[in-house]
Amino acid sequence: MSYLKPNSVAEAAELLESTGGTILAGGTDLCVYMAEGLCDPETLIDISGIESMRGIRLEGDLIRIGACTAIAEIASSEALPTCLRRGARSIGSPQIRNLGTIGGNVCNASPCGDTLAPLLTLDARFVLRSAGGTRTVECFDFFTGPKQTVREPGEILESIEVPAATCKKASAFRMIGNRKGQAISQVNASVCVAIAEGRMTDVRVAVGSVAPIPLRLEALEGVLTGKAIGDVGLAEIREPVLEGIRPIDDVRSTASYRQEVTVALIFDALTACGDQASGEGDGAC
Amino acid sequence: MLIRFTCNGRPVQIEADPQTRVLDLLRDELGLTGTKEGCGRGECGACTILLDGVAVNSCLLLAGKIEGREIVTIEGIAGEDGALHPIQEAFLDVGAVQCGFCTPGMIMSTKALLDEKPAPEVEEVEEALSGNLCRCTGYGKIVEAALEASRRLVQESDQGGESG
């Protein structure tokens, strides 16, 4: 068993290629798998000490989030849109948020990951680094199944790009779990909209835990575009939501409960976006 | 691998497997058994320690990660003369202990909060303790103890300010 601690992302990519090792960032998922005997990595490549992979920076018209930025920092950063901050804040406990990273939440690719629906609604892009170079993948194209993504074995998620213009939009995140702390989402929902002359444009709605991957609800986005938030009723969004999602019964919830809750959470998030745009409620970044 | 870090204010150098959990390193190698193992999965918070000043689960922290960093455990918060920390005093005085197994973790989470925010609202205390489970269901008094500790610490620092 070996434990490698590269100092740069280039070195990490070389080590990943030469050893085929397992990437360790915050360890809040990996250490649980190790404790449960679900994995026993021959080589761990600890990327948490790579300085360039941490922090949130404004670069021209985009915000670059280092993949090893702690969930706690995402949750409290004034530089990020509300939906992403709130999604981060709903993950685990303070202890977990201090250790866990946004890159880990993304690469773990659980359908219930609470930063995933927000990143979908922010048109985020993921920068993947390998020994051969880098490529950028749209968040929309990244997830392929539960815990499955297009990331190749030799690739490291280096950073996440969020268009800075999303900070000018209204956004909100809602989730429901069994309790307030330490709860895994039974359903989560993120909404991000621009509002021009009282009407919604550039609408993004995404949900988690209701399909094998976090989903954007494009049919619903179409229904909402051009409308005033105050004119949208619960009944109106119900059909396009239910047509878009594929919830299942599992240990955390049932399909029928998830259907009802998804509709309600999206409606609530939309209302919060309306309040935000009119200067009330939970405030944009 | 030789791992060097600061533990409770003292420099430590120890030869250890970097994949060892810090929880085991503390308990089995350094004899600091105040840090408890509850679930071993990051759910219960009994193993909470401070890493560079913030609360983390030591069951999810591998030894290789603490090189060059600073750790504080429940053993490290007492005064030089061994006197209990005001948070510990408050937990005792309020009766915020039943079986006591979760208490070190509760106290470390309270310390992380009060170091950052000396006079928190009750909701902030609840949020800060949301990753610590008490199976004796004693949350009411634990929250009360954290608020009492906050009052005492604020008062202490005010008095310190006047005399200094």
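Visitor: How are residues and chains labelled, and what pLDDT do local features need?
Guide: Residues are numbered from 1 along each chain as its sequence is written, while chains are lettered from A and ligands numbered from 1 in the order in which they are written. In this predicted model, totals for chains, interfaces and linings use all residues, side-chain atom pairs count only at pLDDT 80 or more, and local features need pLDDT of at least 70.

Visitor: Which strands of chain B stand at the edges of the open sheet of 5 strands?
Guide: The sheet has mixed pairing and the order 2-1-5-3-4. Strands here are DSSP runs of E, at least two residues, and helices are runs of H or I, at least four, numbered from the N terminus. Two strands pair if DSSP finds at least two bridges between them. Each edge strand has a single partner, so one side is left without a neighbour in the sheet: these are strand 2 (10-15) and strand 4 (54-57) of chain B.

Visitor: Is strand 2 of chain B largely in the open or buried?
Guide: A residue is buried if 20 or more other C-beta atoms lie within 10 Å of its own, exposed if 12 or fewer, and partly exposed in between, with C-beta atoms placed from the backbone. Of the 6 residues of strand 2 of chain B, the number buried is 0, so the strand lies largely in the open.

Visitor: Which residue is the bridge partner of Arg4(B) in strand 2 of chain B?
Guide: Strand 1 (residues 2-7) and strand 2 of chain B pair in the antiparallel sense over 6 bridges. They form a hairpin with 2 residues between them, and Asn8(B) in the turn has a positive phi of about 50 degrees. The partner of Arg4(B) is Gln13(B).

Visitor: Which residue in strand 5 of chain B stands opposite Leu51(B)?
Guide: Strand 3 (residues 48-51) and strand 5 (residues 70-72) of chain B run antiparallel, joined by 2 bridges. Opposite Leu51(B) stands Ile71(B).

Visitor: Which residue of strand 12 of chain A stands opposite Arg174(A)?
Guide: Chain A has an open sheet of 4 strands, order 11-12-13-14, with antiparallel pairing. Strand 11 (170-176) and strand 14 (215-216) of chain A stand at its edges. Strand 11 is joined to strand 12 (residues 187-196) of chain A by 7 bridges. Opposite Arg174(A) is Ala189(A).

Visitor: At what angle do helix 10 and helix 11 of chain A cross?
Guide: Axes are lines fitted to C-alpha atoms, for helices over the stretch in contact, and angles run from 0 to 180 degrees between N-to-C directions. The axes of helix 10 (residues 234-244) and helix 11 (residues 255-277) of chain A come within 9 Å. Their angle is roughly 125 degrees.

Visitor: How many nonpolar residues are in the contact of helix 10 with helix 11 of chain A?
Guide: Residues are in contact if their C-beta atoms, placed from the backbone, lie within 7 Å. Among those involved are Leu234(A) and Ile237(A) of helix 10 and Ile266(A) and Phe267(A) of helix 11. Ala, Val, Leu, Ile, Met, Phe, Trp, Tyr, Cys and Pro count as nonpolar, Asp, Glu, Lys and Arg as charged, and the others, Gly among them, as polar. The contact has 2 polar and 1 charged residues, and the nonpolar number 7.

Visitor: Which helix gives the largest share of the side of chain A that touches chain B?
Guide: The contact takes 21 residues from chain A and 22 residues from chain B. The side of chain A divides into 9 nonpolar, 9 polar and 3 charged. The largest share, 5 residues, comes from helix 5 of chain A.

Conventions:
Contact = placed C-beta atoms within 7 Å.
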